[in-house]
Amino acid sequence: NPKEPVGKQINYTITGIEAGAGEMATTQKAMKAYGLDKGNWQLQTSSTAAMLSTLGKSIRYKTPIVITGWTPHWMFTKYKLKFLKDPKNIYGKTEHINTIVRKGLKQDKPEAYQLLNRFNWRPKQMSSVMLKVNHGESPRKAANDWIRENRQQVDSWTKGIKHVHGQSIKLTYVAWDSEIASTNVVANALRLLGYKVTIQAMELQPMWTSIATKAADGTVSAWLPNTQGLYYNDFKGRFDDLGTNLNGAKVGLAVPTYMKNVNSIEDLK
Ligand code: PBE
């Protein structure tokens, strides 16, 4: 019944993603801050794929839905979505994605370290790789195509770095579209230097652990300062932060634009 309050229409449910995602922790915090925890609101844990499929169905039938959204992601190009205003600034205005490597990498694999240190690109570029993968291209091929089309930029990452011959290196990531794109691009750039690269997808907590315990060499997947801030602080001192590889990411609750009366998280109460 479209005349009912939006909460009632959607069973007071925020459609979430994987339990371990940084955004899920931030959303729990937001629900407290906005008093949604005291009503009957709940954050539904599922998977990104399930969230996107539920979102797709809602859009098809123009029914209301509140999701944990983020960008860069094709959900914002494929669908007309808006982030809900967050006057208490729980999610932060923008996020950046950092490159995090294990202690000792600089000494052990200085060539890889240097490339990882230089790697950076822009949201539009990340989106273009994501879109190709979403249209069915293999991540490795989409990354290679992007590298071929952006040779100058990639050269600026590899310039002057000595080639290695089959040294191995391992990157870890979580299989979100953004991270599939960035990890494959960096993996292929490392391959240009002669590295034998392994990329391994895992959940977020094991990903941070893999760097801290030196089971992996690095990741380009750290959404900060808010989204994965908990992990960053927990593992502080057990990794090297090589700084930002992408600026202008954003995380927050999002709804389809046809939900005209819902513009702020406060409108959910
Ligand atoms: N995300 C997408 C991740 C980072 C990339 C926002 C779902 C998270 O840690 O929540």
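Start at A212: leaving out residues up to four places away in sequence, A212 touches F235, R238 and F239. This alanine sits in helix α11, which covers residues 204–212. Is A212 buried, exposed or partly exposed? A212 is partly exposed, because 19 other C-beta atoms lie within 10 Å of its own, and a residue needs 20 or more to be called buried. For a sense of distance, Q152 is 60 residues from A212 in sequence and 33 Å from A212 in space, C-alpha to C-alpha.

Keep in mind that this is a predicted model. The protein chain has an average pLDDT of 96, and 99% of the residues score at least 70. The model's ipTM is 0.96 and its pTM is 0.95.

In soluble globular proteins, nonpolar side chains tend to be buried together. Here, the largest nonpolar core counts 75 residues, and V186, A189 and L190 have the most contacts inside it. At least three residues of this core come from each of domain 1 (6–93 + 251–268) and domain 2 (95–248). What does L190 touch once its neighbours within four places in sequence are set aside? The contacts of L190 are A112, L115, I169, Y195 and V197.

**Helix α8, one side in and one side out**

An α-helix has 3.6 residues a turn, so residues three or four places apart point the same way. Now look at helix α8 (residues 139–149), where the buried residues are P139, A142, A143, W146 and I147. Looking down the axis of α8, these buried residues fall within an arc of 140 degrees, so they line one face of the helix. R148 and E149 are exposed, and they are carried on the face of α8 turned away from its buried side. The cover over the buried residues of α8 includes α7 (123–134), α9 (151–158) and α10 (177–192).

**Strand β5 and its two partners**

Next up is strand β5 (residues 95–101), which is mostly covered, with six of its seven residues buried. Strand β5 pairs with β9 and with β8, and I97 has a bridge partner in β9 and another in β8. The table sets these pairings out.

Conventions: Residues are numbered from 1 along each chain as its sequence is written. This is a predicted model: local features need pLDDT of at least 70, side-chain atom pairs count only at pLDDT 80 or more; totals for chains, interfaces and linings use all residues. Helices (H or I, at least four residues) and strands (E, at least two) are DSSP runs, numbered from the N terminus. A residue is buried if 20 or more other C-beta atoms lie within 10 Å of its own, exposed if 12 or fewer, and partly exposed in between; C-beta atoms are placed from the backbone. Two residues are in contact if their C-beta atoms, placed from the backbone, lie within 7 Å. A nonpolar core is a set of buried Ala, Val, Leu, Ile, Met, Phe, Trp, Tyr and Cys residues joined through C-beta atoms within 7 Å. Domain bounds come from an automatic or database domain assignment. pLDDT is the predictor's confidence in each residue, from 0 to 100. The arc is that of the directions from the helix axis to the C-beta atoms. Two strands pair if DSSP finds at least two bridges between them.
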